[in-house]
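Here are a few exercises to work through with the model open beside you. Try each task before reading its solution.

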Amino acid sequence: MATRKNTPAPSPASHAADTHDLIRVHGARVNNLKDVSIELPKRRLTVFTGVSGSGKSSLVFSTIAAESQRLINETYSAFVQGFMPTLARPDVDVLDGLTTAIIVDQQRMGADPRSTVGTATDANAMLRILFSRLGKPHIGSPQAFSFNVASISGAGAVTVKRAGQTVKERRSFSVTGGMCPRCEGRGSVNDIDLTALYDEDKSLNEGALLIPGYSMDGWYGRIFRGSGFFDPDKPIKKYTKKQLFDLVHKEPTKIKVEGINLTYEGLIPKIQKSMLSKDVDSLQPHIRAFVERAVTFTVCPECEGTRLSELARSSKIGKISIADACAMQISDLADWVSGLKEPSVAPLLASLRHTLDSFVEIGLGYLSLDRPAGTLSGGEAQRTKMIRHLGSSLTDVTYVFDEPTIGLHPHDIQRMNDLLRQLRDKGNTVLVVEHKPEAIAIADHVVDLGPRAGTAGGEVVFEGTVDGLRASGTLTGKHLDDRAALKPSVRTPSGKLEVRGADTHNLQDVDVDIPLGVLVVVTGVAGSGKSSLIHGSVSGRDGVVAVDQTPIRGSRRSNPATYTGLLDPIRKAFAKANNVKPALFSANSEGACPNCNGAGVVYTDLGMMAGVSTTCEVCEGKRFDASVLEYRFGGRDISEVLGMSVAEAERFFGDGEAKTPAAHRILTHLADVGLGYLRLGQPLTTLSGGERQRLKLATHMGEKGGVYVLDEPTTGLHLADVEQLLGLLDRLVEAGKSVLVIEHHQAVMAHADWIIDLGPGAGHDGGRVVFEGTPAELVAARNTLTGEHLADYVGA
């Protein structure tokens, strides 16, 4: 037999497949990026830093992650692609070495009233199967435990074609759903105050209807006058019972008015469809004000807020119904599920246990599965989305995170860092956009964008290790080791705001006096009850202006000028100077370019292929009709004014022939919050999260109110911008306002005049005030988690 020679095996490193260990980006020009070229190591943790608006999200989300998703979508058939969102290729020369990207962003979860933590994470689906198998008495399939499925039944004749014969058969069907019939699975019912719908002393023709948009001049007037159900000239209080019922409650009915077929509907069914079926926060401000005035939401008396029918609540495992299970704190529910020993559903129990344990591991054990998804903060929503990836067996995936430490107490950041490391150690590439020094410190590789924001940013100013960043001299490098010092003296309060017996969510009958005329910081671990205390007991009071974390809604037609109301005084100034109508100076109204309808671009839809947008040839992207651009004010046309930066416009409208005090006041607020570099006509869709939050803060600064409530204003802010924010808070206090801030950032705590610390833990382990006093007293006591971390931060 021939003997085989011992040839050495090829070294694994020389295999061609092992050479693809970089993600290469060359010539990226998305948004404000200026031909950026970088190489990112795979299977490492890379952190992207830089001031808010420097181009971090443009590089990570709009370039790398967007192209990865687009390429995955292209692997499906054209038929399937027709049902998927069409994504355009990012403006970049080369993108090489991409892997499948899983994006975990800060988008708040859908505020649909039917969406809960349980429905958003599959935990509810598994619980429903569990109760349909083990619940006693047995009431039906998992659908019988779903508050999104209504119970229906029906019977009738159906026509079936069989062997060339047409046969009629009688069929009946029934679906057992778990939806509460009274509130239709919403958990709350609304009562409508009729006095807010109409003035009963007037007739319809005299303008009795008080609902926004319901005037008698348009179609509504024609329908009400032509319906024949009541006399439009008779005061409503003189209507008969039948006439009043027809006006307020009548179901949709076909009528003919002046030869046109129309549908008449009572006021309540109509506003329920047009206004009450939507999320209140998504309504326009004047409609939301009407809804809040006219409608009172109360817990449904039949299901007691559980959203489930009596039948669904009657089936129990032990003494626990599915409603009880969903109402439990998730950490307690995990313990209950662990105690169930039933071999017939063992795989289901193991999977459910894993999901619930992931909630606890990620620091969300204080939530309950019946918590509406729309009430989660941006940070909580992001961590809820992380849950499905924690136990995943996938490797060599690119995970993309947008500030995962948002809404986290310093105590919880360590846990988040461990999770990011775990994902990396399984062989994944982890890309993180982050501002917190504690999270930047764990990076294997750092990319710093800058040097500033907007048009002054969009370049890579440093690439390398964390130690290299410290020594680099960039804005991030200089501020990485910043530590705020405690103030030598604190202000004296001018009064107090009393909160008594606060018991919203997990608060345990809290009594607290909030000092006025000073900077007060409310802090505590995530889930300790900060937002419940402030939004539940302070925000609704007179004179309180609340700036919360809800995202700005805006299309690409919206820009800082339209959002802040700045365009109104500018339009009026142009109209007055040129003696024409103000509507001419709006790209969404009469002044729009006729070719692109004021969008500045012409969009061509190509079906399942990415659509193509080209700059409008007629207006050259200026959005206005050529005749409008002939009108000038202060030597500039309207498109030139919208092309100005905030700082430039502030000087332009501040003095000289273009002096406009109303516009100058709004521009000063925008400059105060650090948005001097934004262009007035820049679409809102191109702004970063931090920029949007500060834009919102600027709009509220002009409001009349004595108490400002800010919910985590450092969200999305660079270390260098936090200093500017503290200066802004000081200016508000010195102007005689009381400023109340919910915050985790130690620099803001150290700068406070008074701290209210909630805890000691989250969920039912929190909800109590564990400290109130000055920052110096908190540091000296060191008897709470916040006190310990603040003492370490200031070096005490």
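**Exercise 1.** Is Tyr 76 buried, partly exposed or exposed?

*Solution.* Tyr 76 has a relative accessibility of 40%, so it counts as partly exposed. Keep in mind that this is a predicted model.

## Two cysteines

**Exercise 2.** Find how many disulfides the structure holds, and explain the result for Cys 180.

*Solution.* The count is zero. Start from the sulfur of Cys 180: the closest cysteine sulfur belongs to Cys 183 and is 3.7 Å away. A disulfide needs the two sulfur atoms within 2.5 Å, so this pair is too far for a bond. Now check burial: Cys 180 is buried at 1% relative accessibility, and Cys 183 is buried as well, with a relative accessible area of 4%.

## One face of a helix

**Exercise 3.** Which residues of helix α5 (residues 219–226) are buried, and what do they pack against?

*Solution.* The buried residues are Gly 221, Ile 223 and Phe 224. Viewed down the axis of α5, they fall within an arc of 165 degrees, so they line one face of the helix. Their packing partners are α6 (241–248), β9 (253–257), β10 (260–264) and α7 (267–276). To finish, step past the helix: α5 is followed by Gly 228, with a positive phi near 80 degrees.

Technical notes: Residues numbered from 1 in each chain as written. Predicted model: local features only at pLDDT ≥ 70, side-chain atom pairs only at ≥ 80, totals over all residues. Heavy atoms only, no water. Buried < 20%, exposed > 50% of the residue type's maximum accessible area, 1.4 Å probe, protein only. Helix = DSSP H or I, 4+ residues; strand = E, 2+ residues; numbered from the N terminus. Arc of directions from axis to C-beta. Contact = heavy atoms within 4.5 Å.
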